[in-house]
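Biologist: Please put the model on screen. I have some questions about its side-chain contacts.

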Amino acid sequence: KTYLDLMINVVSTNLNYGGANSSLADYKKSNNGIQAGASFQAGITSAFSIVPELYFIRKGGKLKAGNPLTTVESSLLFNTIELPVLARVHFGHFYINAGPSIAYNLSGTKKLDGKSTKLSFAGSADGFKRFDAGVQAGGGIEFPFKEKRIALDIRYNYGLTNISKDREIYNRALMIS
């Protein structure tokens, strides 16, 4: 089937710090953010569809005080526009989907020990990159409801692009719609 859905969801995001990630594992905290936008399912056959989406998502992560990277409680938050294009395979009311995703960081904030500053996306050495790329994979189930439907979708977003200019930082997100 082909349809357009509007969505507003809560997402749990975190950051992966590359080679330093294992030493930060006990200090990492997820960031709960929002995802809002639209999803278009283009039915190709009864068992296969293409699903492009466009949404705003608030990504980021937090570190508890005493961590080896910043020593104080810290957080990085990114306001992002994201465009995944998923291939979806249907098994009756169930489906699985996966595909590439590109994102553009509109803005962001860094909070160190309670003090917030805007993130730099300019050429500074300690700045961040605007573009991000990754892959998404997950699945879901659709429940018929009167003449409409209700869907539960669970998906993981694995960032492939290092978004920092001075250290390794990758986006990760668990999305439940």
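The questions and answers below cover rings, charges and nonpolar groups.

Modeller: Two ground rules come before the questions. This is a predicted model: local features need pLDDT of at least 70, side-chain atom pairs count only at pLDDT 80 or more, and totals for chains, interfaces and linings use all residues. Residues are numbered from 1 along each chain as its sequence is written, and side-chain values use heavy atoms, with hydrogens and water left out.

Biologist: How are the rings of F78 and F128 arranged?

Modeller: Rings of Phe, Tyr and Trp (its six-membered ring) pair if their centres lie within 6.5 Å; planes under 30 degrees apart are stacked, over 60 edge-to-face, the rest tilted. The structure holds two aromatic pairs. For F78 and F128 the centres are 5.5 Å apart and the planes stand at 70°, so the pair is edge-to-face.

Biologist: How many residues apart are F78 and F128?

Modeller: Helices (H or I, at least four residues) and strands (E, at least two) are DSSP runs numbered from the N terminus. F78 is in strand β4 (residues 74-91). F128 is in the loop between β6 (115-118) and β7 (131-145). The pair links distant parts of the chain, 50 residues apart.

Biologist: Which residue pairs with K59 at 3.0 Å, N to O?

Modeller: A salt bridge needs a side-chain nitrogen of Lys or Arg within 4 Å of a carboxyl oxygen of Asp or Glu. K59 lies in strand β3 (residues 48-63) and its partner in strand β4, so parts 23 residues apart in sequence are tied together. K59 is buried at 2% relative accessibility. The partner is E82.

Biologist: What is the N to O distance between D132 and K59?

Modeller: D132 is in strand β7 and K59 in strand β3, 73 residues apart. D132 is buried, with a relative accessible area of 6%. The salt bridge between D132 and K59 has an N to O distance of 3.9 Å.

Biologist: Over which ring does R88 lie?

Modeller: A charge sits over a ring if NZ of Lys or CZ of Arg is within 6 Å of the ring centre and within 35 degrees of the ring normal. R88 is buried at 5% relative accessible area. R88 also forms a salt bridge with D153, the closest N and O atoms being 3.8 Å apart. At 4.0 Å from the ring centre, R88 lies over the face of Y95.

Biologist: How many residues are in the largest nonpolar core?

Modeller: A nonpolar core is a set of buried Ala, Val, Leu, Ile, Met, Phe, Trp, Tyr and Cys residues joined through side-chain atoms within 4.5 Å. F78 and F128 are among the members of the largest one. F78 is buried at 0% relative accessible area, and F128 at 5%. The count for the largest core is eleven.

How values were computed. Buried means under 20% relative accessible area, exposed over 50%, partly exposed in between (1.4 Å probe, protein chains only).
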